[in-house]
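The sequence and the structure are shown first.

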Amino acid sequence: MIYDSHIHTEFSADSEMKIDGALAAAKAQGCGLVLTEHYDPDYPEGMIFEFSPRDYWREYEALRGRDDDLGSGLSLGVECGLIPGHAVVLRDFIAKAPFDQVIGSIHLVDGEDIYKREYYQGRDKDAVFTRYFQVMGSMVRDNPFIDTLGHIDYICRVAPYDEPGLEYPRYHEYIDEVLRALVETGTVMEINTRRFGDRSVLDELAPVYRRYRQLGGRMVTVGSDAHTPDRVGMNIRLALDFARSLELTPVTFRNREAVILC
């Protein structure tokens with residue numbers, strides 16, 4: 001069975017997807033799911049990316065069904081926004097429920113929301129991308145209890161530059177620090193399929209994942225980052241082929257343990 005290991009339902013503040021829609025879409029795609037609802041404490045500008053673990057578990061636990069190979073067609077996880085000084089807060093939150101998977105992601109840099117276009121005003125790409133990777137590397141080291149680093153290329157989705165690609169040769173010094181932090185903390189790297197509609201993105205990302213393996217990384221999760229049913233499972237098989245072509249092992253998580261995908 002294959003898994004889409006990065007999904008958001010209505011427990012995430014930026015998603016209205018119902019669980020029934022997510023499960024129906026997953027069944028049509030022939031994949032299992034890991035729900036990874038947003039928990040970003042102290043988000044700026046009044047946005048609230050928080051949820052009650054107790055309510056989450058009460059609502060969805062009965063849906064954690066059985067599968068002959070992996071033990072579950074649905075796992076319950078969380079995506080934590082990584083912010084300096086918040087490691088204890090995140091640990092305390094994670095301890096409130098027996099999450100199957102914990103993703104750590106960068107959505108804020110120096111307290112500013114990088115999804116907002118105004119973040120980029122007056123800042124050139126080199127300065128922005130360099131700082132993004134510097135923060136990411138330090139946050140992986142400061143939060144070694146996460147299972148997976150989410151969407152290393154998140155900034156490429158949102159940066160309003162003419163050429164917003166990752167450009168590994170240009171930023172290799174800073175990206176390598178992220179990759180070393182992953183390997184040294186035992187954190188798994190995610191392949192996020194959100195940008196895979198453009199096949200050139202695979203060529204862009206290949207040097208990053210190849211370098212991850214060279215430095216000792218072996219496992220990856222794959223996730224669509226879907227917030228709507230039509231995106232559930234999107235490009236997952238392409239991502240699995242991509243991983244295997246680079247000799248990386250696709251996994252999902254159950255009870256915080258990596259499980260190799262078929």
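Contact, as the term is used here, means heavy atoms within 4.5 Å. The model discussed below is predicted.

## Overall architecture

The protein contains eight helices and eleven strands. Its C-alpha atoms fill a box of roughly 50 × 45 × 35 Å along the principal axes. A compact globule of 262 residues would have a radius of gyration near 18 Å, and the 17 Å of the protein agrees with this.

Of the 262 residues, 56% count as buried. When contacts between residues at least 6 apart in sequence are considered, 76% of them join residues at least 24 apart.

## Surface and charge

The accessible surface of the protein comes to about 11,300 Å², and carbon and sulfur atoms account for 46% of that area. There are 29 positive and 44 negative side chains in the protein. The centres of these two sets lie 3 Å apart.

## Aromatic pairs and the aromatic cluster

A pair of aromatic rings is described by the distance of the centres and the angle of the planes. The count of aromatic pairs comes to 21. One of them is formed by Phe93 and Phe99, which are stacked, with 6.0 Å from centre to centre and 20° between the planes. Both Phe93 and Phe99 are buried. A further pair, Phe129 with Tyr161, is tilted, with 6.5 Å between the centres and 55° between the planes. This pair links distant parts of the chain, 32 residues apart: Phe129 belongs to helix H4 (residues 125-142), while Tyr161 lies in the loop between helix H5 (154-158) and helix H6 (168-185). Phe129 and Tyr161 are likewise buried.

Phe93 and Phe99 also belong to one aromatic cluster, together with Phe11, Tyr39, Phe51, Tyr56, Trp57 and Tyr60.

Phe51 is located in the loop between strand E2 (31-39) and helix H2 (53-60). Its relative accessible area is 10%, and Phe51 is therefore buried, since buried means under 20%.

Leaving aside residues up to four places away in sequence, Phe51 touches Phe11, Glu37, His38, Tyr39, Tyr56, Val78, Phe93 and Phe99. Among these residues, Phe11, Tyr39, Tyr56, Phe93 and Phe99 are members of the aromatic cluster that includes Phe51. Glu37 is 14 residues from Phe51 along the chain, and the two C-alpha atoms are separated by 8.1 Å.

## Tyr132 in helix H4

Tyr132 is placed in helix H4, the helix that also holds Phe129. Tyr132 counts as buried because its relative accessibility is 0%.

With residues up to four places away in sequence not counted, Tyr132 touches Ile106, Val109, Ile114, His151, Ile152, Asp153, Tyr154 and Ile155. Tyr132 and Tyr174 are 42 residues apart along the chain, and 9.0 Å separates their C-alpha atoms.

## Gly81 in strand E3

Gly81 is found in strand E3 (residues 74-81). At 1% relative accessibility, this glycine counts as buried.

Apart from residues up to four places away in sequence, Gly81 touches Tyr39, Asp40, Pro41, Leu90, Ser105 and His107. One of these, Tyr39, is also touched by Phe51 and is part of the aromatic cluster. Between Gly81 and Phe99, which are 18 residues apart in sequence, the C-alpha to C-alpha separation is 16 Å.

## Positive phi values in two loops

Asp110 has a positive phi of about 50° although it is not a glycine. Asp110 lies in the loop between strand E5 (108-109) and strand E6 (112-113). Its relative accessibility of 51% means that Asp110 counts as exposed, because the cut-off for that class is over 50%.

Glu167, also a residue other than glycine, has a positive phi near 50°. At 26% relative accessibility, Glu167 counts as partly exposed, whereas Tyr161 is buried.

How values were computed. Residues numbered from 1 in each chain as written. Predicted model: local features only at pLDDT ≥ 70, side-chain atom pairs only at ≥ 80, totals over all residues. Heavy atoms only, no water. Helix = DSSP H or I, 4+ residues; strand = E, 2+ residues; numbered from the N terminus. Rg over C-alpha atoms; globule rule 2.2 N^0.38 Å. Buried < 20%, exposed > 50% of the residue type's maximum accessible area, 1.4 Å probe, protein only. Areas by Shrake-Rupley, 256 points an atom, 1.4 Å probe, with all protein chains shown as cover. Lys, Arg positive; Asp, Glu negative; His and termini not counted. Charge placed at Lys NZ, Arg CZ, Asp CG, Glu CD. Phe/Tyr/Trp six-rings, centres within 6.5 Å; stacked < 30°, edge-to-face > 60°.
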